[in-house]
Amino acid sequence: MRERDGVPSPILKESSRELLPKTLKRAGKMLLELLQKDNLFSLLHRIDMDLARKHRHGRCPYCGSPLHQANYPRKPRGGPDSLPDEYMIRFSLCCGREECRRRSLPPSTLFMGRRVYWGCVILVVMTLRQNRPDGASAHRLKQLLGVSRETLIQWAAYFRDVFPTSAKWQRIRGRVASTVRDSELPGTLARYFIANSQSSEKGLIACLHLMATG
Ligand SMILES: [Zn+2]
């Protein structure tokens, strides 16, 4: 991973810096501010375009035929109202062979599966929740981002029960320091990247990029 198209530089595995409590509190505030500005979304959109472009050069995983564009619109929640419609497109490809036509999804830093919130919103919210009392309460998150308590419970269950046992996490696990604990995902991963990046924004992007492509 080189510094290119907004993709951050690699995080050294040996590095195991963790944020101090005071820094953590400041970082939490900054993370919420990042979700209210277009810039983070613009950078992630560019990364997604690049990931889709690379994916397109591959072939259909089922029959080996060339892939065609088959993007579709999404209406993700939790971001600023000012975001242009072009960011709300999930890049997607489908097999060009008439008899196959199967969909092939490139990795995405903007979207986290079928969840209705932006991926960065989910990551920040979970990170702040795992960092209480410095982090945000469910009430505050509902006010700020419109995330309900039920949704918070669903996300927490996913990151507690499903993600740590996934093949993707097993691959990522080997690429980050051992201080990143399976029991505190995804907050521990986000904090690790933020502590080892030049800014909270870069750290967040690096984390989302690894979660998408790992
Ligand atoms: Zn095919």
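Helices (H or I, at least four residues) and strands (E, at least two) are taken as DSSP runs and numbered from the N terminus. The structure is a predicted model, in which local features need pLDDT of at least 70 and side-chain atom pairs count only at pLDDT 80 or more, while totals for chains, interfaces and linings use all residues. Residue numbering starts from 1 along each chain as its sequence is written.

On this basis the chain contains eight helices and five strands, arranged along the sequence in the pattern α-α-β-β-β-β-β-α-α-α-α-α-α. Of the 214 residues, 35% are buried (20 or more other C-beta atoms within 10 Å of the residue's own, with C-beta atoms placed from the backbone). Among contacts (C-beta atoms, placed from the backbone, within 7 Å) with a separation of 6 or more, 67% are between residues 24 or more positions apart.

Three strands form an open sheet in the order 1-4-5 with antiparallel pairing, two strands being paired if DSSP finds at least two bridges between them. Strand 1 (67-69) and strand 5 (103-104) each have a single partner strand and stand at the edges, so one side of each lacks a neighbour in the sheet. Strand 1 is joined to strand 4 (residues 93-95) by three bridges, and the two run antiparallel; His68 has Cys94 in strand 4 as its bridge partner.

Gln36 lies in the loop connecting helix 1 (21-34) and helix 2 (38-56). This residue is partly exposed (between the limits of 20 or more for buried and 12 or fewer for exposed), because 14 other C-beta atoms lie within 10 Å. The C-alpha atoms of Gln36 and Asp81 are 8.6 Å apart, although 45 residues separate the two along the chain.

Notes:
Two residues are in contact if their C-beta atoms, placed from the backbone, lie within 7 Å.
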